[in-house]
Amino acid sequence: HVPRVGSVVNEFTPETVVHVYSLRAVIECWLVAESVRLMTDEVRAELPRIIDQMEAALASNDYPTFYGVTWRLREVLYSCHPNKIAMDEVKRLRERLHTLPNVLHSVPDMAEWTFEQHRKLVDTALDGKAEEAGQYMADMLLRTSELVKAAYESRLQSARQEHGSGQGATS
């Protein structure tokens, strides 16, 4: 623990992925549910437009734009909530993983699934089903956690094999 900084983790492991996504799932489940209860007419009108932007990016296989728009959807929805500290923590946790989740960003099935989850989230939010919308977010983050962890483990295994075979070549 470092004063005024918080806990510092020196080792990044597959379990770190699970821990970060698990925390985000708890925070974002609550944040979605509360934001749905506080949703403004402006946000109600904006969410379907954002879903259209996601769909267009997905249709053109523009994954960087697609995932950027998914984050924009959250920012718009969470803007309804007065607790800006919660959003800051979500951003901090998201940054904790740096670019690790990007291992899935070019996988078409992952993008399709992400789109469907966000579409369901928005439909549920617009229907005023706060708890259900929050649960969609939590489920999506927990499933993403499993996928990112598996991809990270695979990346680590490949690196170990390359490192091991590289050493054998120099002997």
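Does Glu146 count as buried, partly exposed or exposed, and at what relative accessibility? Glu146 counts as partly exposed, at 48% relative accessibility. The notes below place this residue and several others in the model, which is a predicted one.

1. Helix α6 spans residues 130–170, and both Arg143 and Glu146 belong to it. Their positions are 3 residues apart, or about one turn of the helix. The two residues form a salt bridge in which the closest N and O atoms are 2.9 Å apart. Arg143 has a relative accessible area of 38%, which makes it partly exposed.

2. In total, the structure holds 10 salt bridges.

3. In helix α4, which covers residues 84–96, Glu89 and Arg92 are 3 residues apart, so about one helical turn separates them. Their side chains meet in a salt bridge, with an N to O distance of 2.8 Å. For Glu89 the relative accessible area is 30%, and the residue is partly exposed. Arg92 is partly exposed as well, with a value of 48%. Both residues fall in this class because each value lies between the cut-offs of 20% for buried and 50% for exposed.

4. Helix α5 runs over residues 108–126 and contains both Arg119 and Asp123. Here the spacing is 4 residues, again about one turn of the helix. Asp123 forms a salt bridge with Arg119, and the closest N and O atoms of the pair are 3.1 Å apart. The relative accessible area of Asp123 is 37%, so this residue is partly exposed. Arg119, at 29% relative accessibility, counts as partly exposed too.

5. A separate point concerns the backbone. Which residue has a positive phi although it is not a glycine? That residue is Asn61, whose phi is about 55°. Asn61 lies in a loop, with α2 (41–59) on one side and α3 (63–78) on the other.

How values were computed:
Residues are numbered from 1 along each chain as its sequence is written. This is a predicted model: local features need pLDDT of at least 70, side-chain atom pairs count only at pLDDT 80 or more; totals for chains, interfaces and linings use all residues. Side-chain values use heavy atoms; hydrogens and water are left out. Helices (H or I, at least four residues) and strands (E, at least two) are DSSP runs, numbered from the N terminus. A salt bridge is a side-chain nitrogen of Lys or Arg within 4 Å of a carboxyl oxygen of Asp or Glu. Buried means under 20% relative accessible area, exposed over 50%, partly exposed in between (1.4 Å probe, protein chains only).
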